[in-house]
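Me: I would like to learn how to read a few features of a protein structure, taking the general idea before the particular case. Could we go through them one at a time?

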Amino acid sequence: MLFKTTEQHEELRKKVRAFAEEKVKPIAFDLDQNNQFPDDIVKEMGEMGLMGIPYPKEYGGAGLDVTSYAITVEELSRVDGGVGVICSAHTSLGSWPIFGFGTEEQKQKYLVPLAKGEKIGAFGLTEENAGSDAGGTETTAVLDGDYYILNGKKIFITNAPKADIYVVFAVTTPGIGTHGISAFIVEKEFEGFTFSDHYDKLGIRSSSTAELHFDNVKVPKENLLGKEGQGFKIAMATLDGGRIGIASQALGIGQGAYESALTYAKEREQFGMPIAHLQRNTFKLADMATYLRAARLMIYSAAELKENHERYSAEAAMAKQVASDLAMKITTEAIQLYGGSGYIKGVDVERFFRDAKITQIYEGTNEIMRVVVGASTVGRAPKMKRAGSAAKSGPIAGVRKGEIFEGDPKEAVKNLVAALKKDGYDFTIGIDPMTPIGEAQRVVVAGRGIGEKKNMKLIEDLAYQAGAAISSSRPVAETLKYVPLDRYIGMSGQSFRGNLYIGVGVSGAGQHLKGMKDASTIVAINNSKNAPIFNNCDYGIVGDAMEILPLLIKELDNGQEKKPAPPQPKIKRSKPRKMAPKEDVYLDLGSGYEYDPEVGDPSQGIEPGTPFDKLPDSWVSPVSGEAKEEFIRMEFPEDRK
């Protein structure tokens with residue numbers, strides 16, 4: 001067995017390396033500094049056939065093997081890790097699910113332009129509560145006639161919002177865990193499908209990363225990928241292949257850092273000789289070369305297994321874990337060899353160091369890689385029956401009243417103000433609107449939904465009438481710059497633990513909710529009924545903020561100047577009314593076990609709220625082992641309903 005690539009592989013390497021050196025390298029520093037997606041570079045990559053390397057020519061691809069794909073990502077990443085992952089995410093994540101699970105019609109419509117590089121692809125799996133645990137997916141898809149209606153949000157999506165075609169995962173059957181997740185092909189132009197701003201990241205800054213927002217997005221039912229309930233299987237199979245791409249990206253970053261450090265160490269002289277010849281440094285460089293060879297062999301081996309349709313899940317996880325860990329080690333040592341110069345912006349090893357870190361995190365953290373490898377060695381852990389409920393965590397802000405006012409705006413505003421006054425809020429008092437957030441007991445928070453900066457005048461007027469300080473979500477402070485950075489609320493900003501939070505045009509990103517979850521009363525005003533903040537509020541109004549705010553300002557105005565607010569005690573959070581059971585209870589006559597949908601069956605991964613008829617066919621009584629068909633529906637008096 002000769003562990004060597006073919007002549008065709010090395011010809012491709014020369015071609016991609018020449019492109020990367022001539023076209024990408026001269027602008028890599030600017031792309032990084034400006035957080036800029038290289039549109040022209042990506043277009044040229046498509047024209048060269050680099051965006052469809054492993055796909056058959058009949059579908060617009062180059063018809064090459066998986067090792068060729070790994071080499072392509074490696075060589076692009078050797079110059080810029082961001083450009084490398086654009087290619088990797090497009091090829092492995094955005095295109096492969098369609099190739100592997102799509103119908104012929106789906107392949108012709110979507111895979112062909114993706115493989116030709118005419119369209120860019122992306123993969124929408126990660127959510128705030130579904131990172132390493134993809135089974136926690138909360139985005140939903142409900143079949144309504146000829147369409148699935150998608151609602152929810154995805155975060156950390158590579159190639160968004162630049163991508164044209166997205167493979168998105170959503171829950172079609174709630175309550176049965178991963179068995180209820182399905183996959184869909186979603187086009188960028190679908191109505192209700194929007195994006196957040198491109199993240200300002202530590203590294204891979206030439207790669208665009210953003211959130212996906214779904215607000216009643218109508219997806220044709222023919223865009224279901226595979227069958228209902230196959231989504232988790234599709235996602236895991238896709239990530240197996242994607243890990244070969246990320247391993248290759250890590251390898252390329254490490255290779256670039258090593259070559260840069262080697263060149264510098266041969267030129268830099270200290271103690272009368274090039275520092276490369278100081279034994280300690282010689283050993284550093286020798287270790288780097290060794291690490292790179294080991295990682296490369298692991299990656300190409302996993303690629304070859306995939307190409308030959310052998311099992312490769314564990315091998316891909318091993319390669320990704322090893323290559324990314326070594327990339328961090330190599331880039332760290334490369335900066336050490338450069339000394340102080342390596343810490344300066346513009347020196348490529350500084351950028352390689354920042355780019356390397358993400359390879360240990362995305363497409364499965366390296367902790368998860370060890371779980372994958374462990375499952376193939378010691379096997380999966382047996383299911384354990386646990387006492388008590390293992391229910392999925394609820395809203396970030398905890399269980400709230402959730403009283404949402406819709407319909408006539410005037411009536412909605414009157415109902416809101418009446419409810420707040422009943423809760424003990426006095427609106428005859430006021431404070432300086434620029435009171436520090438940590439000292440204020442009330443805040444009015446502006447989100448992206450308020451639109452133009454001129455609308456901040458309404459926020460100011462509302463803050464005055466509500467006796468509150470002015471605040472915002474992170475994008476309003478950081479991107480739009482409507483308020484100073486020290487006034488935004490969120491996990492990375494200020495925390496608000498006071499009495500009254502009024503969010504206007506705030507969608508309810510987890511980063512923001514974690515900064516205000518301890519507020520006594522949360523009020524949400526948003527034009528989208530599906531905004532996550534409505535799941536975390538006590539009171540809400542669905543409607544246009546520009547229509548609601550003038551009415552709310554007027555309703556709070558008592559016609560007199562506000563009195564200085566005295567020290568305000570913390571208002572106790574009120575609890576929502578307890579609801580009566582809504583679902584039927586089913587009985588196992590043999591054991592007396594009752595299946596209650598409100599409780600579910602945590603021992604078998606069935607979440608609370610799962611109706612009996614939605615239980616998977618494989619489900620059995622946790623007490624007697626009887627199948628579903630042996631259960632009978634229990635009859636209760638009418639007053640139970």
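**Reading the cores, the backbone and the salt bridges**

Reply: Of the 79 residues in the largest nonpolar core, those that touch the most other members are Met45, Leu150, Val186, Ile244 and Ile299. Helix H9 (residues 313–338) gives this core its largest share, 11 residues. Please keep in mind that this is a predicted model, in which local features need pLDDT of at least 70 and side-chain atom pairs count only at pLDDT 80 or more, while totals for chains, interfaces and linings use all residues. Residues are numbered from 1 along each chain as its sequence is written, and side-chain values use heavy atoms, with hydrogens and water left out.

Me: What is a nonpolar core, and what does buried mean?

Reply: In soluble globular proteins, nonpolar side chains tend to be buried together. A nonpolar core is a set of buried Ala, Val, Leu, Ile, Met, Phe, Trp, Tyr and Cys residues joined through side-chain atoms within 4.5 Å; buried means under 20% relative accessible area, exposed means over 50%, and partly exposed lies in between (1.4 Å probe, protein chains only). Helices (H or I, at least four residues) and strands (E, at least two) are DSSP runs, numbered from the N terminus.

Me: Which residues does Met45 touch, not counting residues up to four places away in sequence?

Reply: With contact taken as heavy atoms within 4.5 Å, Met45 touches Phe19, Leu50, Met51, Leu76, Val83 and Cys87 once residues up to four places away in sequence are not counted. There is also a second, separate core of 38 residues, and Ala466, Ile470, Ala477 and Tyr539 are included in that core.

Me: How should I read the backbone, and where is a cis peptide bond found?

Reply: Most residues other than glycine have a negative phi, and most peptide bonds are trans. Here a cis peptide bond, with omega of about 0°, joins Ala160 and Pro161, and Pro161 lies in the loop between strand S3 (147–158) and strand S4 (165–171). The loop between S3 and S4 also holds Asn159, which has a positive phi of about 80° although it is not a glycine; Asn159 counts as buried, at 0% relative accessibility. Asn216, not a glycine either, has a positive phi of about 55°, but its place is in strand S7 (residues 209–220), and with a relative accessible area of 42% Asn216 is partly exposed.

Me: How many salt bridges does the structure hold, and which parts does the pair of Asp39 and Lys162 tie together?

Reply: Side chains of opposite charge can pair when their charged atoms come close. A salt bridge is a side-chain nitrogen of Lys or Arg within 4 Å of a carboxyl oxygen of Asp or Glu, and the structure holds 33 of them. One of these joins the side chains of Asp39 and Lys162 (3.4 Å, N to O). Because Asp39 lies in helix H3 (residues 39–47) and Lys162 in the loop between S3 and S4, this pair ties together parts that are 123 residues apart in sequence.

Me: Where do Glu478 and Arg474 lie?

Reply: Both Glu478 and Arg474 lie in helix H14 (residues 474–478), 4 residues apart, which is about one turn of the helix, and they form a salt bridge whose closest N and O atoms are 3.2 Å apart. Glu478 counts as partly exposed at 30% relative accessibility, and Arg474 is partly exposed with a relative accessible area of 28%. Elsewhere, salt bridges that share partners join Glu10, Arg13, Arg17, Glu74, Glu75 and Arg296 into one network.
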